[in-house]
Amino acid sequence: AIVMSKKGNIIQSAFYDHDVDNIKVEYAEWPSHLRILICDTKQRRNLASGQALINYAIPRFALSLGMAMIQLILRNKQDNSILQVIDKIDRISRVNILSKPQIYELLRQIPERVDEAEFTRQFPQLSDKIKTAETTWLARIPVTERPTLLLIRGAVLFAISECRRSD
């Protein structure tokens, strides 16, 4: 986004891993009477260890698997209204094309908290993705500090909610 920016403009861009050839960029002129204030608290942030690392890694672990879980759960549904739109749900922001009751039912099938072994047992089709997510996110946390239960549903719910709020 920085490379594509223009002085005096706001940029809105969409980047998706699987769709880099179709990056969309839109510009809007920044109102000249407005200013941006950037504050530096001078507070160091350390994501290398401790609770900050856990708070950083666990939601990212959950979100890295969120879309795959959603696709898997939806494909197992026998609801024609879901099966008709499932191919359009290729990112979490598109879950919102489902009705609120359908989203609620979907969220109920995502584990609220689960240990790594149980997570793989519940979603054996995702075992390769789970291993990749563990390597990417959980391996950073020392085994002695790693929570036994991973909070999954809350991270996915937050992502869906934020997308719905922005609609």
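Reply: A residue is called buried under 20% relative accessible area, exposed over 50%, and partly exposed in between (1.4 Å probe, protein chains only). This is a predicted model, in which local features need pLDDT of at least 70, side-chain atom pairs count only at pLDDT 80 or more, and totals for chains, interfaces and linings use all residues. Residues are numbered from 1 along each chain as its sequence is written, and side-chain values use heavy atoms, with hydrogens and water left out.

Phe119 has a relative accessible area of 1% and is therefore buried. Phe61, at 0% relative accessibility, is buried as well. Rings of Phe, Tyr and Trp (its six-membered ring) pair if their centres lie within 6.5 Å; planes under 30 degrees apart count as stacked, over 60 as edge-to-face and the rest as tilted. The count by this rule is 3 aromatic pairs. In one of them, the ring centres of Phe61 and Phe119 are 6.0 Å apart and the planes stand at 55°, so this pair is tilted. Helices are DSSP runs (H or I, at least four residues), numbered from the N terminus. Because Phe61 belongs to helix 1 and Phe119 to helix 4 (residues 116–122), the pair ties together parts 58 residues apart in sequence.

Phe119 also pairs with Phe123, in an edge-to-face arrangement with 5.6 Å centre to centre and 70° between the planes. Phe123 has 5% relative accessibility and so counts as buried. Through these ring pairs, Phe61, Phe119 and Phe123 are linked into a cluster.

Note on methods. Helices (H or I, at least four residues) and strands (E, at least two) are DSSP runs, numbered from the N terminus.
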